[in-house]
Amino acid sequence: MSAPALHVLKEKVHVEEWVEANRAQFKPPVCNKMMSNGQLKIMFVGGPNTRKDYHLDEGEEFFYMIKGDMCLKIVEKGRKKDVVIKEGEVFLLPVRVHHSPQRLADSVGLVIERERYADELDGLRYFVDDDSTEVLYEKWFHCVDLGTQLKPLIAGYFDSEQYKTRRPKPADIRDPPPMDIDNEVEVTAPVSLQGWIDSHDAELRSAGRADLFSGGETTVTVFRGRAAAAAAAATAVAQGPEQLRWDLGETWLWQLKGAATLSLGDKVVELGERDCFVVPAGQPYTVVREEGVVGLSVIMDPRKRKAKGWEPKRNA
């Protein structure tokens, strides 16, 4: 059976305009609309929802709240915990951590995950009650499109004997589970994106970039246009803007302040404020930003959390 065709963003999109145009798609229980479904899974999620399920996956997840607040319920060191992500804040969820996103009415948030590879499974779990971490019901599945796959999995739970009796069936719970669930990590608190940019102003002015997140699978880099770079480009004294390239996956670019010029070979894309674009894997590109213009990029490298010598194996 062949995999379903995936929609990958190939042109620039204004984020808020896209959200408004797709607002009707944010339906319970998942309220999810995929913007781009390639190596990077770029989605926007609305509210309200009342989910009780907890999700597990092998990759990190990047959150940014565009409008309103959300509560990400997690299990940290064996105990349930609420992580509140406020409007304008970013958060990076570590790998293999139970999580259950709870969203308020009229809220909208960005979530970026990465493609799952052939040897990876996601988990959907329900616990016995709101205070317990005893597993009542679970399903393990290979995730291709979370937005469409979750709905029937959730429906299966509500049709199950476990839901009706509130009693687990040990034979239906895999022991050990098919992933090494992380019960040791302590998550880092959400942070205001604009506040972080302001606090790193000196570094951004000097170096033109700073990593918001790095060291794990996910690298989120903030870029700031510099006066010296703009002058050099105008006079053609320097050798031109730095050429970037990420061979193992896509790069998501988002203009936060001002406009920028993106060049991909012979293709030139003028990115306005709040425009985003997905650069294909292996595609060399340059971005020219004038003084004070701010943008960010997101890449995800699954090798960072795998055994030495592991390489991504995509589905046939």
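Predicted model: local features only at pLDDT ≥ 70, side-chain atom pairs only at ≥ 80, totals over all residues.
**View 1. The salt bridge between D57 and R116.** The side chains of D57 and R116 meet in a salt bridge with an N to O distance of 3.6 Å. Because D57 lies in the loop between β4 and β5 (61-67), while R116 lies in the loop between β10 (108-114) and β11 (122-127), the pair ties together parts that are 59 residues apart in sequence.

View 2. The structure holds 24 salt bridges, and in one of them R51 is joined to D53, with the closest N and O atoms 2.7 Å apart. R51 counts as buried at 9% relative accessibility, and D53 is likewise buried, its relative accessible area being 1%. K81 forms a salt bridge with E76, where the closest N and O atoms are 3.2 Å apart; here K81 counts as partly exposed at 32% relative accessibility, whereas E76 is buried, with a relative accessible area of 16%. Salt bridges that share partners also join D57, E113, R116 and D122 into one network.

**View 3. R103, a buried arginine with no salt bridge.** R103 is found in strand β9 (residues 99-103), where it is buried yet has no salt bridge, the nearest side chain of opposite charge being that of E61, 7.5 Å away. Leaving aside its neighbours within four places in sequence, R103 is in contact with residues including G47, P48, F63, M70 and V111.

View 4. A cis peptide bond joins G47 and P48, with omega at about 10°, and P48 is found in the loop between β3 (40-46) and β4 (54-56). The peptide bond from D175 to P176 is also cis, with omega near 5°, and P176 has its place in the loop between α3 (161-165) and β13 (191-192). Most peptide bonds are trans.

View 5. Phi of R96 is near 60°, a positive value in a residue other than glycine; R96 is found in the loop between β8 (89-93) and β9 and counts as buried at 17% relative accessibility. Phi of R274 is near 80° and is again positive in a residue other than glycine; R274 lies in the loop between β18 (267-271) and β19 (275-279) and is buried, with a relative accessible area of 18%.

**View 6. An open sheet of 3 strands.** The strands follow the order β18-β17-β20, with antiparallel pairing. The edge strands are β18 and β20 (286-289), each of which pairs on one side only, and the twist averages 20° from one strand to the next. Strand β17 (residues 260-264) is joined to β18 by 5 bridges, and S263 has V268 in β18 as its bridge partner.

**View 7. Aromatic rings.** The structure holds 13 aromatic pairs. The rings of W252 and W254 have their centres 5.4 Å apart and their planes at 40°, so this pair is tilted; W252 counts as buried at 0% relative accessibility, as does W254 at 2%. Ring pairs also link Y126, Y137, Y157, F158 and Y163 into a cluster.

Terms used: Residues numbered from 1 in each chain as written. Heavy atoms only, no water. Helix = DSSP H or I, 4+ residues; strand = E, 2+ residues; numbered from the N terminus. Buried < 20%, exposed > 50% of the residue type's maximum accessible area, 1.4 Å probe, protein only. Lys, Arg positive; Asp, Glu negative; His and termini not counted. Salt bridge = Lys/Arg side-chain N within 4 Å of Asp/Glu carboxyl O. Contact = heavy atoms within 4.5 Å. Pairing = 2+ DSSP bridges. Axes fitted to C-alpha atoms, helices over the stretch in contact; angles between N-to-C directions. Phe/Tyr/Trp six-rings, centres within 6.5 Å; stacked < 30°, edge-to-face > 60°.
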